[in-house]
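User: I would like to go through the terms used for this model and see what each one rests on. Please set each value against its cut-off.

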Amino acid sequence: MKRILLILVLYILFFTGCSPTEYKQAEIRNPEFKPNVVFAEFEDLTSPKFENLIEKYQLDTVLRGETDEFKRIILLRHWIKSHITIDLDNPNYSGEGAVEGILDAALEGEGFHCGHFATVQHGILNAYGYITRFLGAGPGVPREFDPHHGTNEVWLNQYNKWMVIDAKYEHHFEKDGVPLSALEIRDEFLRNGGRDVVMLKGLDLVPTQFDEEIGEKKEAFIQTFTYITWQINGNRFTAWPNHKETVLWYNDTYHKNNPWIRNGRPHWAYNNPSIVTLVEDRNAINWSPNTIESKVEIDKNNARVTLQSDTPNFKEYQMKKLPSGEWEKADGEVMLKLSGNKPAWSFRSVNLAGVSGPEHELVFEK
């Protein structure tokens with residue numbers, strides 16, 4: 001009897017060990033995909049206006065062969081700051097909202113206010129495929145410095161997040177080495193006055209507590225983001241002068257209980273509800289351009305992968321076999337042949353300017 005049981009156990013172990021084992025998807029933390037549900041009408045990178053902008057001002061020379069995304073953005077910001085001076089009292093600014101009109105006048109010595117800096121930066125960063133949006137901000141309390149400020153946020157693919165990028169002051173904000181979005185700056189101000197935030201200024205990214213050029217403390221710049229509007233329509237450059245001035249407000253508890261006061265009275269948008277969209281979901285503001293979400297179906301040694309992203313000016317998906325494969329074009333649905341120990345691939349979206357989104361990895365295991 002014991003012999004029969006032993007043979008039976010050996011039989012089960014042998015055939016169980018030799019039978020094929022189906023792969024499963026390994027858990028891995030990919031950049032989070034947040035769909036776009038609010039923002040609209042992005043810049044069309046096929047517009048000849050972008051090529052003309054780059055050639056007219058020889059912007060390619062600004063980048064000096066730099067390939068790092070963050071450094072390229074900082075170089076372009078520095079070029080804008082180097083060619084436009086601040087003038088808050090001009091009764092008749094040239095160019096209005098036209099990027100070239102502003103730049104041409106600036107090169108002749110005319111100064112401009114924050115909205116002009118932001119308009120130019122929006123056009124130039126988008127020309128290189130960096131998704132940039134126009135926002136307005138204010139402290140909501142009476143003060144002479146920046147009662148209202150216009151600036152930009154740019155999407156950082158390498159960080160999978162938004163970052164405030166200010167050309168007028170040539171600075172941005174970081175916490176623990178990570179660039180901050182407008183909402184994150186606001187969070188830090190409401191938490192403790194921005195004590196843990198670092199303000200980095202200039203091309204050399206110098207940590208700055210007091211801006212000698214402007215004559216203001218770091219805390220004053222941070223307070224500016226107590227209230228924020230985002231322009232919903234992102235085609236400011238190519239659609240000007242017919243772009244739509246529709247804005248988004250983050251309608252959280254603070255905003256509901258503390259009306260935005262500008263120049264001694266409620267912000268103008270309170271009287272123009274038709275152009276204001278109130279949003280309570282932070283993810284709607286923090287949507288993730290260029291970021292991939294995947295659906296995976298496994299059948300033994302085969303995996304069907306379906307890719308999804310919100311990529312303005314989408315060109316293609318690309319994939320490569322890890323660890324050392326080369327990037328190649330991929331369809332929105334691909335079939336993977338699984339073999340070996342922990343086969344893995346990486347995917348990314350690429351836009352018409354050649355800017356690639358955050359990498360999305362898939363790893364499989366038995």
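**Terms and values**

Analyst: Start with an open sheet of four strands, in the order β8-β7-β9-β10, with antiparallel pairing. β8 (178–179) and β10 (206–207) are at its edges with a single partner strand each, so one side of each has no neighbour in the sheet. This is a predicted model: local features need pLDDT of at least 70, side-chain atom pairs count only at pLDDT 80 or more, and totals for chains, interfaces and linings use all residues. Residues are numbered from 1 along each chain as its sequence is written, and side-chain values use heavy atoms, with hydrogens and water left out.

User: What makes β7 and β8 a pair in the antiparallel sense?

Analyst: Two strands pair if DSSP finds at least two bridges between them. β7 (residues 171–175) and β8 have two bridges, so they meet the definition. Glu-174 has Pro-179 in β8 as its bridge partner. Strands here are DSSP runs of E, at least two residues; helices are runs of H or I, at least four; both are numbered from the N terminus.

User: What lies across β7 and β8?

Analyst: Helix α4 (residues 69–83) does, running at about 150° to β7. Axes are lines fitted to C-alpha atoms, for helices over the stretch in contact, and angles run from 0 to 180 degrees between N-to-C directions.

User: Why is Lys-161 called buried?

Analyst: Buried means under 20% relative accessible area, exposed over 50%, and partly exposed in between (1.4 Å probe, protein chains only). Lys-161 has 13%, so it counts as buried. Lys-161 is in strand β6. Beyond four places in sequence, its contacts (heavy atoms within 4.5 Å) include Val-178, Pro-179 and Glu-184.

User: What makes the pair Lys-161 and Glu-184 a polar contact?

Analyst: A polar contact is a pair of N or O atoms within 3.5 Å; within protein, one must be able to donate a hydrogen and the other to accept it, and residues adjacent in sequence count only if both atoms are side-chain atoms. The side chains of Lys-161 and Glu-184 are joined at 2.6 Å. That value is within the cut-off, so the term applies.

User: What makes a set of residues a nonpolar core?

Analyst: A nonpolar core is a set of buried Ala, Val, Leu, Ile, Met, Phe, Trp, Tyr and Cys residues joined through side-chain atoms within 4.5 Å. The largest has 37 residues; Leu-53, Leu-59 and Ile-84 have the most contacts inside it. α4 gives the most to this core, with seven residues. Apart from it lies another core of 30 residues, among them Trp-162, Ile-222, Trp-230 and Leu-248.

User: Why do Asp-146 and Asp-176 get a mention for phi?

Analyst: Most residues other than glycine have a negative phi, and most peptide bonds are trans. Asp-146 has a positive phi, near 45°. Asp-176 has a positive phi too, near 55°. Asp-146 is in the loop between β4 (132–138) and β5, and is buried at 7%. Asp-176 is in the loop between β7 and β8, and counts as exposed at 75%.

User: Which peptide bonds are cis?

Analyst: A cis bond joins Trp-240 and Pro-241, with omega about 10°. Another joins Leu-322 and Pro-323, with omega about 15°. Pro-241 is in the loop between α9 (236–239) and β14 (247–250). Pro-323 is in the loop between β20 (314–321) and β21 (328–330).
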